[in-house]
Amino acid sequence: MNEIDWSNLSFGYMKTDYNVRCKYANGAWGELEVHTDEQVTLHMAATCLHYGQEAFEGLKAFRGRDGKIRIFRMDENAKRLQSSCDGIAMAKLPVEKFEEAVVRAVKLNERFIPPYESGASLYIRPLLIGTSAQVGVKPAAEYEFILFVTPVGPYFKGGFQTTPFVVTRKYDRAAPLGTGIYKIGGNYAASLNAGEEAHRLGYSNVFYLDAKERKYIDECGAANFFGIKGNTYVTPKSTSILPSITNKSLMVLAEDLGLTVERRPIALEELDTFDEAGACGTAAVISPIERIDDLDNGKSYVFAKDGKPGPWCEKLYHKLRAIQYGDEPDTHGWVTVLD
Ligand SMILES: *Cc1c(COP(=O)(O)O)cnc(C)c1O
């Protein structure tokens, strides 16, 4: 194979050697299967194609300075996929089978794991779909779990940097009792226009408010929001936010570093009192927010100048990355080290 240019990887798809799959039929999951083919053959009446029975996950494996491979919190992704499956009436993959599939795919594609120095990583994308042929609107009887991996570059090419966000009142991401808490394809389809419009206006992403009152902060793009207010890490509590594993980890690290953590509804206007703000998720860990523009009200909430992230964003970002790459001890038992 041609040498991979590790320093020029983007967040895109690159073919790797193997993917891992597992089928559900007659009320039971089969054995894991290893495939080299990138194509999936589906019945044209499969429920995933018509009624959106699709859930996915995203996690990463890292090569440490010691050469060892580390996978971050895969048990959390396994459990969240189960929750998403419950949310849209799909068969749940057992946690152990999910973990076995992750380890198998990472080991089989070891040559695609970027070296430590590159700051890149191996992105792991599991997905689960309804496959039985049906026309009536009801849950499928058969399912398929597919997991592939692809190397991805460091999120911040020019170094850790802030970007601007824009508030939308034109679109809701998810309803209060809808599917926002599940990681499913349908939520993403519903978010595409809002994201594209924000990009056209020169923003990195869109800032959603709660769908009921348009008063509280919901999510920023496909990431959770957090703010720093004095010695407090504040993140929204809502029934429509996807429970981010990065946010969950940052809350623990924030406490370790001496911050108080609050999870509660955050009114948009409260942003005025925050010293720092960030979006968090697996792709970037933290994407620090430069400012949030509320164009409808001609207001701008500013958190950073000259693209420079605040001190707590810096500290939390470096702390979590250090644990993922094995540069600091994994005191919370978050990392699976492969042998
Ligand atoms: C995946 C995702 C996140 C981030 O979750 P992580 O587990 O931290 O990667 C946040 N919001 C939405 C809508 C997501 O789909």
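Predicted model: local features only at pLDDT ≥ 70, side-chain atom pairs only at ≥ 80, totals over all residues.
View 1. Helix α5, which covers residues 192-200, has A194, G195 and A198 as its buried residues. Seen down the axis of α5, these buried residues fall within an arc of 100 degrees, so they line one face of the helix. An α-helix has 3.6 residues a turn, so residues three or four places apart point the same way. On the other side of α5, the residues L192, N193 and R200 are exposed.

**View 2. E219 and the polar contacts of its side chain.** E219 belongs to strand β11, which is made up of residues 217-220. Because its relative accessibility is 3%, below the 20% under which a residue is called buried, E219 counts as buried. The side chain of E219 makes a polar contact with the side chain of R173 at 3.0 Å, and the side chain of E219 also reaches the backbone nitrogen of L242, again at 3.0 Å.

**View 3. T273 in the loop between β14 and β15.** The loop that holds T273 runs between strand β14 (260-263) and strand β15 (276-281). With a relative accessibility of 39%, T273 counts as partly exposed. A polar atom of the T273 side chain lies 2.7 Å from the backbone oxygen of E270. T273 and H332 are 59 residues apart along the chain, and a distance of 32 Å separates their C-alpha atoms.

**View 4. A nonpolar surface patch that includes L108.** On the surface, Y18, V34 and L108 form a nonpolar patch, and together these residues have about 210 Å² of accessible area. L108 is placed in helix α3, which spans residues 95-108. The relative accessibility of L108 is 32%, and L108 therefore counts as partly exposed.

Methods. Residues numbered from 1 in each chain as written. Heavy atoms only, no water. Patch = residues over 30% accessible without salt bridge, like charges linked within 9 Å, V, L, I, M, F, W, Y side chains within 5 Å. Areas by Shrake-Rupley, 256 points an atom, 1.4 Å probe, with all protein chains shown as cover. Salt bridge = Lys/Arg side-chain N within 4 Å of Asp/Glu carboxyl O. Helix = DSSP H or I, 4+ residues; strand = E, 2+ residues; numbered from the N terminus. Buried < 20%, exposed > 50% of the residue type's maximum accessible area, 1.4 Å probe, protein only. Arc of directions from axis to C-beta. Polar contact = N/O pair within 3.5 Å; in protein donor to acceptor, adjacent residues only side chain to side chain.
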